[in-house]
Each structure stands twice: as C-alpha cells, then as structure tokens.
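This briefing covers two local features of a predicted model.

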Amino acid sequence: MSKHTIAVLPGDGIGPEVIAQATRLLDLLREKRGLPLDLWHLDLGADRYLKDGTTYPKEIADRVKGEASAVLLGALGDPRVPGLEHARDILFGMRFGLDLYANVRPVKALADRLVPLKGRGRSDVDFVVFRENTEGIYVGMGGQFKRGTPDEVAISEDLNTRKGVERLIRAGFEYARAHGKKTVHMADKSNAMRHAHELWYRAFFEVAAEYPGITPKHVYVDALCLYLVQDPSPFEVVVTCNLFGDIITDLGAALQGGLGMAGSANLHASDRSRVALFEPVHGSAPPLAGKDLANPIASFLTVGMMLSHLGWPEEEQRIEAVCARAIEEKQCTRDVGGELGTRASAEWMLAEIARSL
Ligand code: NAD
Ligand code: IPM
Ligand code: MN
C-alpha cells in the first residue's frame, strides 16, 4: 500500500484539544491496523499569525497540494484576531485553492436521546448535506464605499457559475445513486434571488434527468428549516449553495445532539485522488478552550470520513460504532449528557477501539 501524508492543522481554541485526540486515534490505527499514514504537523493558526504574521504561505500550500492525501483541520477563529484574517486565508486558501467544491456534511443522529425533537429518534435523522464550497457569497467579491460615513455602502456579490452549480448538484446525485437513496432535495431561494437561484433551479432539474431512479425535489430554504424541525425523516440528500449549506448544517448539528457530534469532508468530488480537507463542523468554541470540555466525537467522526475517503470504509464504521456506544454508555462529554472531559471521553473510545482490533 502506498503511504498517505496527512497534514494536521489543529488551529485555534478547542481545535488543538480535539485534534490531539484525533491524532491518537490515527496513531492507534496506524500501529494496530497497519494503516500507512504519515502525519505532518503544521504550525498555523492564530498563535502563529500573532507571532509573525504568517497565515497560509505559498510553500506550504504547494506542498499540501503536491504531497498530502488529506488535511485534518481542528478549527480556526480566535478573539485576538477579530477580523479572522488568518482563518480566511487558511480555510478558504484550502477550500478554494484545492478546488474542494463539495462540502459533505452528514446529519446523522447516533442515539435517540440526542435528538431534541419531541417524539423523534435516531431513525428520523439521517441525511447528508452537499454544500457548494467554492462560490456564492463566500468568494469575497464586492467592496465598501464611503466607509464610516452616514452614506456608506457595502456590497457582497453572490457568484454562481453554471459549472460550479452543476458539479455540486451532480456530486449529490452521484452520492444518492451510490448509496441507494431515493430522493435529492435542492434548497434555494429562487423566489427572491431570481438570477442566481433560477440558475440553481434549472441546473438541478437538468442534472436530475440524468438520474432516472432518483426523485428530485425542490424546497425553499426557509421552508426546509421548518420541515427539518417538524420532521426531518423524509430528507436523504440535500444540495444547496455555500451560505445556506453553512446555516442548514448548524441546524442539522442540533438534530444530531450539537456541534460536538458533526463531522465533515471537503472534496473535489469528481476526482477522489486529489487532496481533500476534513474538519468537524464546529468552530473554535473560545469559551470552552483549554478547559477539557470539548466533545471529541465530531473529530473522531471526521477522521472516520477521512479514512473512508482514503479507502478504508470499515474503519469509519468501527469509529462511528464506538462513538455511538460512548453516547449510549454515557462515556462522553457534558454537551451530550456525560460527565467526562475531552481526554477521558477520547480515552474510553480509544480503549474500546483497541479492544475491538
Ligand atoms: P462554534 O462552533 O465554535 O460554537 C457554537 C456552539 O457549539 C458553542 O455553544 C460551543 O460551545 C458549542 N460547541 C462547538 N464545538 C463543540 C464541541 N466540540 N464540544 C462541545 N460543544 C461544542 O461557533 P461560534 O461560537 O459561532 O464560533 C467560534 C469561532 O469559530 C469563530 O471565530 C468562528 O468564525 C469560528 N468557526 C470556525 C470554523 C472552522 O474552522 N471550520 C467553523 C465554525 C466557526
Ligand atoms: C464552517 C464555518 C466557516 C464557514 C467560517 C469559519 C468561515 O462556519 O466551516 O461551517 O462559514 O464556512
Ligand atoms: Mn459554519
């Protein structure tokens, strides 16, 4: 088996705490299962930025692109950098720079008691959001005029290309086909955003025609938020734009038991041999940082997604099963009803995994 280099970027806030545990998981699987992984630790994030102004240097970006199979990122964001300059350079540097157009965010509840909806359980919460990850309002086009005056103007452009929209929608249908899903929903706001989302609407039904066994369903994003809280069970795959995907997946995380339970992958979905980025959906959670309070499960599930992507789906199943057991047996952190710290919760799961090997 050829070796895979994993660039590890712990980042800020709780990032280093959860990534320290995720790294132990990788070390365990490397040792006990012989996974051919080399970890390459990157010293980037708020501390480094505040020390010497470094955000995401071109030499590192080039090496990530040329040498790494995957990047494992904790989270970025630090109150000492209120403009988030470093976070944008690094996160968007990778998402845009590596053309990782599909941000794949599973919304899957691992236990009934984590689902906050009355009368609903884990079988009702199991869908995957495909969030467009290289366009939309995130491209940073626009500007400010007469800033700081009573006449100031601020414009953020929402960029949507046929190519970008179509490839993300296709990634959602390909996933649906590969996983035996019967429907794909597309969430937009074509009733208000007439130009951009009319393109999404048209592209969605045109791509859908290539997948005869899968029913395409259009839903306005505001209504989707309503339905997800009333009854999420009909949803299997949701494709949507960058901004809506960001918002829907925090709502989705709530259905899973919180942001401590949500992992994600950023992929160039049409060519899986290209380097991909894996990160929990959560941010740096500054109030929790340094207190051993952060839930490591999101990072464990993220490692599972990464290993599956690299060709070991059985490792993802093993990791997901142990995360579910940690919840069931309350060997977990406070946010999900346990009493353990980050480290102890991870240690319980690592011991269970070691025992199963
Ligand atoms: P957040 O995700 O950090 O926190 C939101 C809520 O979820 C908080 O109540 C927090 O305590 C809780 N939470 C998050 N992760 C948790 C975990 N592992 N275990 C237990 N509870 C957890 O979002 P925020 O507070 O809006 O943002 C904080 C910073 O993170 C900001 O700078 C933001 O821009 C950044 N951010 C970065 C990423 C990323 O790097 N991918 C993602 C989201 C937010
Ligand atoms: C996420 C985050 C980022 C985003 C922020 C930190 C820019 O919220 O990954 O969900 O909006 O994409
Ligand atoms: Mn987000």
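Phe 235 is located in the loop that links helix H7 (221–230) and strand E10 (237–240). With a relative accessible area of 5%, Phe 235 counts as buried because the cut-off is under 20%.

**Surroundings of Phe 235**

- Leaving aside residues up to four places away in sequence, Phe 235 touches Asp 126, Phe 127, His 185, Leu 224, Tyr 227 and Leu 228.
- Between Phe 235 and Arg 274 there are 29 Å in space, C-alpha to C-alpha, and the two are 39 residues apart in sequence.

**Helix H10**

- H10 (residues 313–328) consists of 16 residues and spans 23 Å from its first C-alpha to its last, close to the 22 Å expected at 1.5 Å a residue.
- The buried residues in H10 are Glu 315, Arg 318, Ile 319, Val 322, Cys 323, Ala 324, Ala 326 and Ile 327.
- Helix H1 (15–33), helix H9 (297–309) and H11 are among the elements that cover these buried residues.

**Packing of H10 against H11**

- The axes of H10 and helix H11 (residues 342–356) approach within 10 Å and cross at roughly 130 degrees, which means that H10 is oblique to H11.
- The crossing of H10 past H11 is right-handed.
- H10 contributes Arg 318, Ile 319, Val 322, Cys 323, Arg 325 and Ala 326 to the contact, while H11 contributes Trp 348, Met 349, Glu 352, Ile 353 and Ser 356.
- By class, the residues of this contact comprise seven nonpolar, one polar and three charged.

Key
Residues are numbered from 1 along each chain as its sequence is written. Chains are lettered from A and ligands numbered from 1 in the order in which they are written. This is a predicted model: local features need pLDDT of at least 70, side-chain atom pairs count only at pLDDT 80 or more; totals for chains, interfaces and linings use all residues. Side-chain values use heavy atoms; hydrogens and water are left out. Axes are lines fitted to C-alpha atoms, for helices over the stretch in contact, and angles run from 0 to 180 degrees between N-to-C directions. Helices (H or I, at least four residues) and strands (E, at least two) are DSSP runs, numbered from the N terminus. Angles under 35 degrees count as roughly parallel, over 145 as roughly antiparallel, 65 to 115 as roughly perpendicular and the rest as oblique. A crossing is left-handed if the near helix is turned anticlockwise from the far one by less than a right angle, and right-handed if clockwise. Contact means heavy atoms within 4.5 Å. Ala, Val, Leu, Ile, Met, Phe, Trp, Tyr, Cys and Pro count as nonpolar, Asp, Glu, Lys and Arg as charged, and the others, Gly among them, as polar. The expected span of a helix is 1.5 Å times one less than its number of residues. Buried means under 20% relative accessible area, exposed over 50%, partly exposed in between (1.4 Å probe, protein chains only).
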